[in-house]
Amino acid sequence: EEVLYSAMVDCGAPEYNQEDFDYAECFRKTLDPQVLSKEVFLQMLDQTPQVREAIKTLEGKPLCDVILPHAPSEKVVPGSSDVGDVSWNVPTAQFAVSCYALGTPAHSWQMVSQGKSSVAHKGMLKAAEILAASSIKLMHDETAVARAKQEFADRLEGQKYSCPIPSHIHPKPIKK
């Protein structure tokens, strides 16, 4: 997390222009006001005083254009991801970059509709930049890698990964 956060700070938040903000605002107008008051992603964050203050700067904005403070947490963000199996085998961290209007519910027509927008592209390019910067840092910082491996071992406390898919099950190609 520390390496990712450092890269986020170094790379900065996506730079949105007025057209991007106007575009996102059009989508926010289609959302249920009660959903907007409970921005799901921001609610999942640990609400340290620093995070609460940073979130206040987003009130009324259609896009997240700031980097929120790093707030290490033991809290698990609910959801589904294919990173689960990976995280049992190697040290893993995740981050998020704004690619859609604040308050946009996952799995909604609004989320899908924003996927090819300038906002989404700017967010995805910024995420790629952060991943690249983090990778370069880790390739040159053996101490950070050693700390991550040690934290990983400490968290597992000797537990071993057991794939839930039986060993006799093998994927088969789809026939045309």
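Colleague: What pattern does the protein follow when it is read along the sequence?
Modeller: Please keep in mind that this is a predicted model. The protein has nine helices and zero strands. Read along the sequence, the pattern is therefore α-α-α-α-α-α-α-α-α.

Colleague: What share of the contacts with a separation of 6 or more is made by residues 24 or more positions apart?
Modeller: For a sense of scale, the C-alpha atoms fill a box of roughly 50 × 50 × 30 Å along the principal axes, and the protein exposes about 12600 Å², of which carbon and sulfur atoms supply 58%. Of its 176 residues, 27% are buried. Among contacts with a separation of 6 or more, the share from residues 24 or more positions apart is 77%.

Colleague: Helix H5 has buried residues, so how wide an arc do they cover around the axis?
Modeller: Helix H5 spans residues 49–56, and Val51, Ala54 and Ile55 are buried in it. These residues lie on the same side of H5, because the arc that they cover around the axis is only 100°.

Colleague: How is the pair formed by the rings of Tyr16 and Phe21 classed?
Modeller: The structure holds four aromatic pairs, and in the one made by Tyr16 and Phe21 the ring centres are 6.2 Å apart. Tyr16 is buried at a relative accessible area of 11%, and Phe21 is buried as well, at 16%. Because the planes of the two rings stand at 85°, and an angle over 60 degrees is what the class requires, the pair is edge-to-face.

Colleague: How many residues apart in sequence are the parts that the pair of Trp88 and Tyr161 ties together?
Modeller: The rings of Trp88 and Tyr161 have their centres 6.4 Å apart and their planes at 40°, so this pair is tilted. Trp88 is partly exposed at 33% relative accessibility, and Tyr161 is partly exposed too, with a relative accessible area of 27%. Since Trp88 lies in the loop between H6 and H7, whereas Tyr161 lies in the segment after helix H9 (142–156), the parts tied together are separated in sequence by 73 residues.

Colleague: What distance separates the C-alpha atoms of Val90 and Lys149?
Modeller: Val90 lies in the loop between helix H6 (83–87) and helix H7 (109–113), and at 38% relative accessibility Val90 counts as partly exposed. Along the chain, Val90 and Lys149 are 59 residues apart.

Colleague: How many disulfides does the count come to?
Modeller: A disulfide is a covalent bond between the sulfur atoms of two cysteines. Cys99 is buried, with a relative accessible area of 17%, while Cys163 is partly exposed at 40% relative accessibility. With a cut-off of 2.5 Å between cysteine sulfur atoms, the number of disulfides is zero.

Colleague: Which cysteine has the sulfur nearest to that of Cys99?
Modeller: Cys99 is in no disulfide. The nearest cysteine sulfur is 11 Å away, and this sulfur belongs to Cys64.

Conventions:
Residues numbered from 1 in each chain as written. Predicted model: local features only at pLDDT ≥ 70, side-chain atom pairs only at ≥ 80, totals over all residues. Heavy atoms only, no water. Helix = DSSP H or I, 4+ residues; strand = E, 2+ residues; numbered from the N terminus. Buried < 20%, exposed > 50% of the residue type's maximum accessible area, 1.4 Å probe, protein only. Phe/Tyr/Trp six-rings, centres within 6.5 Å; stacked < 30°, edge-to-face > 60°. Arc of directions from axis to C-beta. Contact = heavy atoms within 4.5 Å. Areas by Shrake-Rupley, 256 points an atom, 1.4 Å probe, with all protein chains shown as cover.
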